[in-house]
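Please open the structure in a viewer and keep the selection tool at hand. The stops below say what to select and what is there.

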Amino acid sequence: MIVRRRWTAAATTAILISAALSHPGTATAAPVADTAPITLAATETALVRVQLRDQAQLDRLVASGVDLANLPRARDGRIIADLVLTGAQLADLTARGATATQVVQRAGDGSRHFADSVRAARARTAAGLGAPAAGQRTTAAVGVDTLAVQQAYWWTTGGQTFLQAQVATTATDDPDVEITVSWRTADGVTGSFPLYRFEDSGEYQYHYNVPQPVPSRPVQLTATSSLGGVSRAVTPTLWPNATPPPLPAGYQKDFIDAYLTPVDIQARIKRLARQYRDLVDVIDLPNKTQGYRRNAVAYLGDPAVAAVVVESVRFGDQGMNGVQVRTVDPGRPNRPLAVGYRDRVLTVTLATDAAGKTVSTTDDVAAAVNARQANRFRATVEDGSTGLPMPVAGPARLDDGLQGTEVPAKPWTVQALRLGVHRDGSRIGVLAYSQEHAREWATPLVTLEFAERMLANARTDPATRELLEQVDVFVIPTVNPDGANYSFNDYNFQRKNLVNHCEGPARDPKYRTSWGVDVNRNYTVGSYFDGYVGASANCLSGNYAGTAELSEAESGNVIALAKAHPNIRFAMNVHSYGGYFMWPPGAYRADGRITLPRPSIDESTLFLDSARRIVGAIAQERGTVTWPSQTGPVADVLYSAAGNSADQLYYELGIFAWDFEVGNDRWNPATGEWEGVGFQPPFDEAHGESQEYAGGLVELVRVARDHAAAEAATG
């Protein structure tokens with residue numbers, strides 16, 4: 001019997017997925033170990049790794065707009081996905097045949113991990129302390145189909161050797177083709193594992209599996225198919241086969257000792273500018289963000305019975321928090337509906353009939369407020385309350401709902417650090433920027449650790465000093481400070497910024513954790529507005545593209561910085577989590593999966609060769625290896641991400657632009673599974689990510705230096 005091993009990434013998946021993460025999967029479920037079931041309280045929210053029942057269940061989730069934190073992955077015939085779920089949603093999935101396998105992160109974990117990191121920092125202070133990456137491509141037509149080994153790589157980390165393979169069949173239209181990889185080590189040990197079909201936007205790509213443990217270095221790999229195809233034997237290649245120069249004695253690192261809020265980051269930028277006056281400029285980016293502010297809002301009435309949502313036109317901090325709203329019965333017959341505002345109280349006097357009974361509906365009240373107090377308030381009928389009699393209710397107090405009492409509410413000036421001996425545009429420039437997505441707390445730790453290493457070692461290490469002599473470095477630690485402040489103080493799974501472009505019922509405060517624009521879907525090249533896949537027009541979607549290209553201050557700041565400094569030739573956008581290293585093209589049109597233009601052969605070589613160097617540098621810290629299958633163009637190794645920043649930097653400004661996804665899955669030898677770490681892992685894990693990926697950014701600076709030297713040598 002032929003068992004299907006198939007994963008289809010439909011266009012809707014790319015549109016609705018809300019964070020860049022994991023691995024292609026498969027459709028046929030397999031039993032899991034007999035362990036106690038994972039459950040959540042009905043109203044609890046968590047990031048949960050779930051084994052889905054089948055492909056149909058995944059398709060229904062995608063269509064419903066569920067918050068998918070990754071692309072599903074393949075493991076022994078199962079579909080595994082990381083989902084942000086409430087307990088009620090998890091219970092419903094479980095009842096429909098899904099199984100939770102790991103709680104990656106609970107809604108309260110972020111705050112606890114942040115507090116733990118701060119306590120640890122204080123204690124320490126007190127103590128003084130793609131297209132697939134290029135691989136062998138060999139084919140041999142033996143049966144009905146011909147097989148091509150596109151990737152065959154091995155590496156060792158933590159004492160365990162892993163093998164990853166990727167194979168394509170010429171029988172692209174046959175969804176039932178099975179491919180198996182067989183391997184042999186130098187001492188004669190053999191084994192095999194299955195690969196799973198991966199499609200994207202309805203187009204067959206290849207067969208694939210996550211890295212598989214093997215006993216030692218594999219010296220031979222062969223693929224066979226259920227149609228009789230057999231590849232020629234290939235020798236797997238060591239990945240990434242690149243290492244940075246050794247660190248000198250006394251090299252300074254480990255400057256990160258706690259999670260950092262935007263307020264903390266602002267203070268650190270100020271301190272670095274003061275401490276390294278000869279090496280640092282602080283650039284105030286031109287577009288102020290909205291700030292940690294929202295409109296004040298209240299339910300007038302009971303949402304369970306009948307209610308109108310009343311919202312202030314101005315932000316809550318602009319004198320509207322605490323304003324009261326009420327409806328009253330005039331107590332007399334034949335009275336018209338009236339609206340008045342006095343002494344910070346909005347009063348709606350309901351209309352009455354000849355018998356003195358109130359007759360105003362919820363629609364009447366909302367329309368009256370909008371018509372007569374449009375300069376102060378806007379009103380909408382709460383979902384389910386349309387046309388119902390408006391009750392006498394209130395007074396209710398308007399409030400913006402924000403919990404961060406220590407966060408400045410005013411518009412925010414996003415800042416960039418400029419590092420170098422020659423900060424005049426005469427040297428090749430490198431841009432590192434992070435936290436476009438608010439919930440990715442580890443990402444600014446990476447860019448700040450990198451900045452501190454460069455500055456501190458420039459005074460003691462000749463090699464680092466030479467780098468800052470030859471390269472002009474720009475760092476934006478937090479692109480999206482408003483969303484980050486909201487993530488730290490209100491809702492830790494917040495992905496977008498705080499601007500609310502929703503209209504009508506979508507402004508109901510029950511949707512408050514879904515408002516905002518996905519900053520990394522708001523750029524101009526390959527955008528949703530140009531027909532590319534991977535963003536949404538739904539203002540409540542996790543990857544809402546905004547009202548227009550560059551409609552947001554945050555995206556505009558990144559491009560403004562790059563345009564103002566044309567010496568910037570290399571850029572790295574730091575995201576989390578999942579362990580990816582990617583570059584353009586990052587988007588395609590759904591019909592025919594037509595990507596943005598591919599880089600030239602020479603530029604593709606530069607992207608891949610540089611990736612090998614940077615991945616090798618990352619691995620030096622604690623052995624973390626970014627998988628070869630997750631190294632390549634975004635559109636090939638992840639999904640289409642319409643309107644992302646790397647595409648605009650590359651295609652419009654000619655910048656070699658990459659994306660990190662820090663927070664690689666960790667291998668659990670006890671379970672034989674790769675396990676996710678989440679957006680806000682315990683600080684020890686986030687600290688580890690900051691150290692290894694900062695080393696990768698240092699290597700990017702070396703790449704830029706070498707590129708400039710090569711260009712100078714060739715004239």
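The tour follows a predicted model, one selection at a time.

Start with L419, F450, F570, W658 and F660. These are the residues with the most contacts inside the largest nonpolar core, a set of 73 residues.

Keep W658 selected and show its surroundings. Leaving aside residues up to four places away in sequence, W658 touches F570, A571, M572, N573, F581, M582, W583, L606, F607, S610 and L700. W658 has a relative accessible area of 0%, so it is buried.

**Aromatic rings**

How many aromatic pairs does a search of the whole structure find? The search gives 26. Select F198 and Y206 as one of these pairs: the ring centres are 5.3 Å apart and the planes stand at 45°, a tilted arrangement. F198 and Y206 are both buried.

F607 belongs to helix α12 and W658 to strand β32, residues 656-664, so the pair ties together parts 51 residues apart in sequence. F607 is buried too, with a relative accessible area of 0%.

**Helix α12**

Select residues 601-622, which make up helix α12. At 1.5 Å a residue, its 22 residues should span 32 Å, and the end C-alpha atoms are 33 Å apart, which agrees. Colour the buried residues of α12: L606, F607, L608, S610, A611, R612, I614, V615, G616, A617, I618 and A619. Step just past the end of α12 to G623, which takes a positive phi of about 80°.

**The disulfide**

Select C502 and C539. Their sulfur atoms are 2.1 Å apart and form a disulfide, and the structure holds one such link. The two cysteines are 37 residues apart, and both sit in the loop between α10 (481-489) and α11 (553-564), where the pair links distant parts of the chain. The angle about the S-S bond is 110°, and the link is right-handed. Is this pair buried or exposed? Both C502 and C539 are buried.

Go to V407, in the loop between β23 (396-397) and β24 (415-419). With 12% relative accessibility, V407 counts as buried, because the cut-off is under 20%. Apart from residues up to four places away in sequence, V407 touches Y292, N485 and N489.

Next select R294 and Y486. The charged end of R294 sits over the ring of Y486, 4.4 Å from the ring centre.

**Backbone details**

Two cis peptide bonds come next. Select S576 and Y577: the bond from S576 to Y577 is cis, with omega near 0°. Y577 is part of strand β27, residues 568-578. Then select P584 and P585, where the peptide bond is also cis, with omega near 5°. P585 is in the loop between β28 (580-583) and β29 (588-589).

Finish at D343 and R344. D343 lies in the loop between β20 (338-342) and β21 (345-349), and R344 is found in the loop between β20 and β21 as well. D343 has a positive phi of about 50° although it is not a glycine. R344, also not a glycine, has a positive phi of about 65°. D343 counts as exposed, at 67% relative accessibility, while R344, at 37%, counts as partly exposed.

Notes
Residues are numbered from 1 along each chain as its sequence is written. This is a predicted model: local features need pLDDT of at least 70, side-chain atom pairs count only at pLDDT 80 or more; totals for chains, interfaces and linings use all residues. Side-chain values use heavy atoms; hydrogens and water are left out. A disulfide is a pair of cysteine sulfur atoms within 2.5 Å. Helices (H or I, at least four residues) and strands (E, at least two) are DSSP runs, numbered from the N terminus. Buried means under 20% relative accessible area, exposed over 50%, partly exposed in between (1.4 Å probe, protein chains only). A nonpolar core is a set of buried Ala, Val, Leu, Ile, Met, Phe, Trp, Tyr and Cys residues joined through side-chain atoms within 4.5 Å. Contact means heavy atoms within 4.5 Å. The expected span of a helix is 1.5 Å times one less than its number of residues. Rings of Phe, Tyr and Trp (its six-membered ring) pair if their centres lie within 6.5 Å; planes under 30 degrees apart count as stacked, over 60 as edge-to-face and the rest as tilted. A charge sits over a ring if NZ of Lys or CZ of Arg is within 6 Å of the ring centre and within 35 degrees of the ring normal.
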